[in-house]
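Please look at the sequence and the model shown here, and keep both in view while reading the report below.

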Amino acid sequence: MGNFRKLQVWLKAKDLAVKIYQLTKNESIAKDFGFKDQIQRASVSIPSNIAEGDELGTDKQSVRHFYISKGSSAELQTLIIIGSEIGYFNSQIAEELINESKTISYMLAKLISARSK
């Protein structure tokens, strides 16, 4: 605990958040302030809660924040699906983003399991 920058799940989540920010610079998404704000918040919530959880003093506190990250990952997947269906993301980009988010969720589940013992 206490060195979140070395956690592979944090690195992947941070990189995904950066991708989301880059993609939401797109003119059509940038004009949809509600959608843009929500997808950015969900993406940033994932690595932020991993970092916060890892810095807390107990595994119980850490696990709580890792679960929040997992929930944000599901929220992000939902927003990506909606974004794809309304034409903000092409299907290939959407699939890549969803797969990255699913990988992060899987890694979080493993981390939660390890920290729960």
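This is a predicted model: local features need pLDDT of at least 70, side-chain atom pairs count only at pLDDT 80 or more; totals for chains, interfaces and linings use all residues.

| Helix pair | Angle between axes | Distance between axes |
|---|---|---|
| α4 (residues 59–85) and α5 (residues 91–115) | about 165 degrees | 9 Å |
| α1 (residues 8–23) and α5 | about 155 degrees | 10 Å |

Taking the pair of α4 and α5, the axes meet at an angle of about 165 degrees, and because angles over 145 degrees count as roughly antiparallel, α4 is roughly antiparallel to α5. The crossing of these helices, α4 and α5, is left-handed, and the residues that make up the contact of α4 with α5 divide into 13 nonpolar, eight polar and four charged.

Glutamine 77 is a residue of helix α4. Its relative accessibility is 16%, and therefore glutamine 77 counts as buried, since the cut-off for buried is under 20%. When neighbours within four places in sequence are left aside, glutamine 77 is in contact with Ile98, Ser101, Lys102 and Ser105.

Helix α1 also packs against α5, with an angle of about 155 degrees between them, and that makes α1 roughly antiparallel to α5. The crossing of α1 and α5 is left-handed. On the side of α1 the contact is made by residues including Val9, Leu16 and Ile20, while on the side of α5 the residues include Leu97, Ser101, Ile104 and Leu108. The residues of this contact between α1 and α5 divide into 11 nonpolar, three polar and three charged.

The last topic is the aromatic rings. The structure holds three aromatic pairs, and one of them, formed by phenylalanine 35 and phenylalanine 89, is tilted, with 6.5 Å from centre to centre and 50 degrees between the planes. This pair links distant parts of the chain, for phenylalanine 35 lies in helix α3 (residues 33–55) and phenylalanine 89 in the loop between α4 and α5, 54 residues apart. Both phenylalanine 35 and phenylalanine 89 are buried. Ring pairs also bring in Tyr88, linking Phe35, Tyr88 and Phe89 into a cluster.

Technical notes. Residues are numbered from 1 along each chain as its sequence is written. Side-chain values use heavy atoms; hydrogens and water are left out. Axes are lines fitted to C-alpha atoms, for helices over the stretch in contact, and angles run from 0 to 180 degrees between N-to-C directions. Helices (H or I, at least four residues) and strands (E, at least two) are DSSP runs, numbered from the N terminus. Angles under 35 degrees count as roughly parallel, over 145 as roughly antiparallel, 65 to 115 as roughly perpendicular and the rest as oblique. A crossing is left-handed if the near helix is turned anticlockwise from the far one by less than a right angle, and right-handed if clockwise. Ala, Val, Leu, Ile, Met, Phe, Trp, Tyr, Cys and Pro count as nonpolar, Asp, Glu, Lys and Arg as charged, and the others, Gly among them, as polar. Buried means under 20% relative accessible area, exposed over 50%, partly exposed in between (1.4 Å probe, protein chains only). Contact means heavy atoms within 4.5 Å. Rings of Phe, Tyr and Trp (its six-membered ring) pair if their centres lie within 6.5 Å; planes under 30 degrees apart count as stacked, over 60 as edge-to-face and the rest as tilted.
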